[in-house]
Amino acid sequence: MDDTQRRVDAIRNERSELENHIIDEYSAGKITRREFVRRGTVVGMSIPLVSFLAAACGGGDGGETTGAGTTPTATGEIQAGGAVRVALIQPTTEPNPLLVQDEGGAGLLGSTGEFLSFSNAELELEPRIAETWEPNEDGTVWTFKIRQGVKFHSGATLVADDVKTTFDKLINPDGGSANAQSALGGVLSPGGIEAPDDSTVVFNLDAANGNFPTLVSSANYNAIIIPADLDPADWGKTFEGTGPFKMESFSPKVGAKFVRNDAYWGTKANPDSMELKFYDEEGPMIVALQGGEVDFVEHFSVSGGKALLDDPNVNVIAVKAATHRQLHMRTDKEPFTDKRVRQAIALSIDRQALVDGLWEGQADVGNDSPFAPLYPSTDTSVAQREQDLEQAKQLLSDAGMTSFSVDLSTWNGFEIPDLAQLVKQYASQIGVTINLKITDAGTYYGDGVFGKSTWLDSVMGITDYGHRPVPNVYLTAPLSGDPKVGVWNSAHFKNDQYDSLVKQYVAALDIDSQKGVAKQIEELLLDETPIVFPYFYYFLSASKKNLLNTVSAATGQFDLSKAGFTT
Amino acid sequence: MARFLLTRLGLAAITLFLLSVFVFVGANLLPGNVARRKLGNLADQSAVDQLNHQLGTDKPILVQYWNWISGLLHGDLGTSLSYNLPVNELIGPALTHSVKLAAFAFVMVVPLAILGGILAALKRDKLTDRLITIGGLSLTVVPEFVTGIMLILVFGLWLDLFPVSANAPDGASFLTELKYLFLPALTLVIVLFGYIARITRAGTIEALDADYTRTAALKGLPRRVVIRRHVLRNSLLPTIAVVATQTGYLIGGLVVIETLFNYPGMGRLIFTAANDKDFPLLASSVLLVGIVFLVATLLADIAYSLLNPRIRYATAE
């Protein structure tokens with residue numbers, strides 16, 4: 001025990017303020033072992049270190065991190081080799097790391113490319129190109145140690161400069177990746193990245209950011225590390241990367257084939273090959289899995305894949321995610337200028353019924369803020385809003401709006417039309433008539449700017465939001481009163497106290513402070529209710545029963561390098 | 001004959017030109033723009049503007065059209081805006097796939113439907129006739145995605161006799177390719193059978209009731225010879241016209257079936273191109289389908305005139 005304690009002390013002496021704080025929280029029992037492992041890896045402690053500290057400093061609460069996001073691991077039972085076939089949604093653009101902004105394209109990038117770290121199903125960061133990372137005192141400078149001896153598929157050796165130039169290209173305001181910039185805007189600016197030697201990359205941030213490593217992990221799916229001299233527009237010719245698979249062939253609109261990379265720096269891939277097949281629609285994907293033409297479906301929805309949920313020949317892998325819908329109500333236009341009216345609408349909705357009906361239970365109930373239950377920084381002590389028709393009617397009558405009608409605009413995709421219908425029904429129970437105006441995505445989103453977009457101009461609408469591993473973007477773009485930041489602010493919400501709270505949240509480096517601010521934000525949003533967040537639904541993948549060890553993450557990333565067949 | 005062909009070619013060229021203009025204008029009326037589609041709904045407007053500028057889609061529509069058409073006349077179909085590849089690299093494989101499926105469906109449905117129609121006409125108003133006409137009509141009326149899904153379920157999943165998608169793996173043998181194409185082709189057969197059979201039936205009945213047929217029979221010719229020499233070539237005239245007009249649909253209109261069976265054909269290509277507002281790809285693909293359609297109808301007209309001397313002599317004047 002003394003020896004262990006001495007080792008722990010020695011370790012702690014070398015760790016940063018932030019890391020010590022996390023260890024303190026764990027020792028005091030304020031966070032679970034699982035949470036400690038997660039926070040530790042996010043902040044840059046290596047997994048062996050974290051495991052050692054977890055055992056040494058905690059009571060051992062017995063909660064081993066179960067492989068959530070993976071199929072059951074039957075040790076020793078999987079065969080070596082094999083050819084895995086994957087059904088992937090059709091990529092919408094050419095495979096250019098700067099242009100990809102869809103799930104299909106992300107699947108292509110991640111098939112051969114690697115990131116600084118991999119954000120897994122439990123929001124832990126597993127080191128990949130980066131071995132370790134750590135912040136300075138106040139979280140404004142993050143230093144990443146780059147793994148040495150990593151080779152690109154072409155044979156060239158990866159050095160820190162490749163990492164630096166990759167990010168330079170991504171955040172370049174003149175032709176970079178709009179997607180990556182939505183995550184890194186306001187966090188990292190051009191010129192802020194240095195590569196002082198082959199094994200070190202330094203990120204100088206615009207402001208302190210406790211969640212930075214996640215923002216440059218696989219969660220930012222454009223951020224695959226590519227050679228410094230490769231023009232991203234040419235990436236589609238070779239799919240150049242460092243991953244366990246390398247490209248053999250690519251047919252646009254049809255599919256792509258990959259083979260094992262025998263020069264991989266880590267554990268070689270188990271399958272001999274991986275074939276991606278592109279599908280335009282979900283139905284054929286599901287039929288293909290059932291018919292034995294693919295072994296793994298990267299993503300399916302509850303509504304389209306009910307058959308799979310009950311199929312005994314299929315493994316369903318459910319990963320908690322922050323994918324959600326936002327029902328916005330314009331705070332600057334009738335009938336929603338009075339917050340009591342907005343609260344009434346929110347109170348008319350039976351969220352659990354939506355989760356059960358629309359998602360077969362494969363979702364978490366939302367509490368009208370971007371703080372999804374899966375985020376560690378979410379304060380779950382804030383009371384969950386439940387359906388309360390009486391109170392809703394009372395609020396409407398207090399506001400003098402006992403019956404009115406309003407248009408709800410949205411588009412015809414996923415379960416959104418069903419959600420719109422249900423919202424309409426709930427509203428009718430409190431005397432509100434909703435007229436549905438459902439079009440297609442192109443019409444709803446329009447040009448994506450105020451004045452030219454139904455999404456941003458409509459009085460009431462439903463918008464779909466993809467998963468993000470930290471709530472930062474959800475807190476700013478859809479709700480900020482600053483027109484330069486609130487580019488997705490369809491509710492036209494303007495609240496100075498809210499904006500200042502969000503600033504505090506982003507700068508907070510440790511869980512406690514983040515949670516403290518989150519609590520205030522959650523309560524403010526419950527009061528103002530510019531947007532109803534009805535649920536956060538899980539990310540579902542499926543594999544054939546005999547395919548094990550597939551790994552899925554809520555970002556749509558999948559990792560089949562450890563997968564194998566049992567028969 | 002030569003004059004006839006020249007006139008037709010001239011008219012075809014005008015038709016295709018008008019078609020291309022219509023496609024360009026029509027697609028431009030839809031909201032949204034290429035860069036916005038590529039970068040996504042949540043991208044910065046400045047990034048969208050920049051990409052639009054790079055792709056050349058911020059130029060006036062007339063300029064874009066002119067660029068495309070002048071390239072076309074030099075044999076350059078342009079570059080796809082969505083995929084950043086030469087259009088012919090995308091159209092080539094898609095067209096091959098569509099032709100394979102169309103040919104397979106064609107080879108199955110045309111003889112079957114013609115036989116069915118003739119049989120129905122010969123056994124007019126009897127049970128056979130009723131079965132063929134009403135049965136065929138019922139099958140045609142069922143939407144193709146319903147038929148397709150039923151076939152997938154029954155023959156693909158439950159009985160496991162055929163693959164559920166239509167695209168055979170690379171290097172598959174001819175027979176394997178046919179196996180993969182069977183279900184979608186069968187779907188098309190079911191959809192088209194009733195229509196073609198009825199037209200054939202109507203044509204055959206008309207021929208059977210004609211004076212010349214009665215004369216031939218009264219002359220003492222056996223029924224078989226009467227049918228072969230006098231009835232058939234006249235009854236098939238409307239059928240040929242109908243079959244020709246279906247060719248355009250078979251090559252470029254099978255969006256639903258291609259999606260259902262995950263088959264990378266022209267239908268899906270055109271549909272995605274329209275959604276993406278990918279002008280070069282869209283215009284070139286539609287033009288190609290237009291050409292196929294015009295060639296098919298031209299061949300039909302030639303066959304028509306070969307079968308029907310009255311037409312032949314009429315055009316010769």
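So, strand 9 and strand 10 of chain A: strand 10 covers residues 273-279, the two run antiparallel, and five bridges hold the pairing. When I say strands pair, I mean DSSP finds at least two bridges between them. Strands here are DSSP runs of E, at least two residues, and helices are runs of H or I, at least four residues, both numbered from the N terminus. One bridge to look at is Gly255(A), whose partner in strand 10 is Lys277(A).

Before I go on: this is a predicted model, so local features need pLDDT of at least 70 and side-chain atom pairs count only at pLDDT 80 or more, while totals for chains, interfaces and linings use all residues. Residues are numbered from 1 along each chain as its sequence is written, and chains are lettered from A and ligands numbered from 1 in the order in which they are written.

Back to strand 9, residues 255-260, which also pairs with strand 8, residues 245-251, antiparallel again, through six bridges. There, Phe250(A) sits opposite Ala256(A). Three residues lie between strands 8 and 9 in that hairpin, and Lys253(A) has a positive phi near 75°.

Okay, on to helices in chain A. What is the angle between helix 3 and helix 4? Helix 3 (residues 33-43) and helix 4 (residues 47-57) pack at about 150°, axes 10 Å apart. The axes are lines fitted to C-alpha atoms over the stretch in contact, with angles from 0 to 180 degrees between N-to-C directions. That pair is therefore roughly antiparallel, the label for angles over 145 degrees. From helix 3, Arg33(A), Phe36(A), Val37(A), Gly40(A) and Thr41(A) meet Ile47(A), Val50(A) and Ala54(A) of helix 4. Contact means C-beta atoms, placed from the backbone, within 7 Å.

Now, where does chain A touch chain B? 29 residues of chain A are in contact with 32 residues of chain B. On the chain A side, the elements giving two or more residues are helix 7 (178-184), helix 10 (282-290) and helix 16 (441-445).

And chain B itself? Chain B has 14 helices and zero strands. Its C-alpha trace spans about 85 × 60 × 35 Å along the principal axes. Of the 317 residues in chain B, 40% are buried, meaning 20 or more other C-beta atoms, placed from the backbone, lie within 10 Å of a residue's own. Finally, take the chain B contacts between residues at least 6 apart in sequence: 70% of them join residues at least 24 apart.

Note on methods
Contact = placed C-beta atoms within 7 Å. Parallel < 35°, antiparallel > 145°, perpendicular 65-115°, else oblique. Buried ≥ 20, exposed ≤ 12 C-beta atoms within 10 Å, placed from the backbone.
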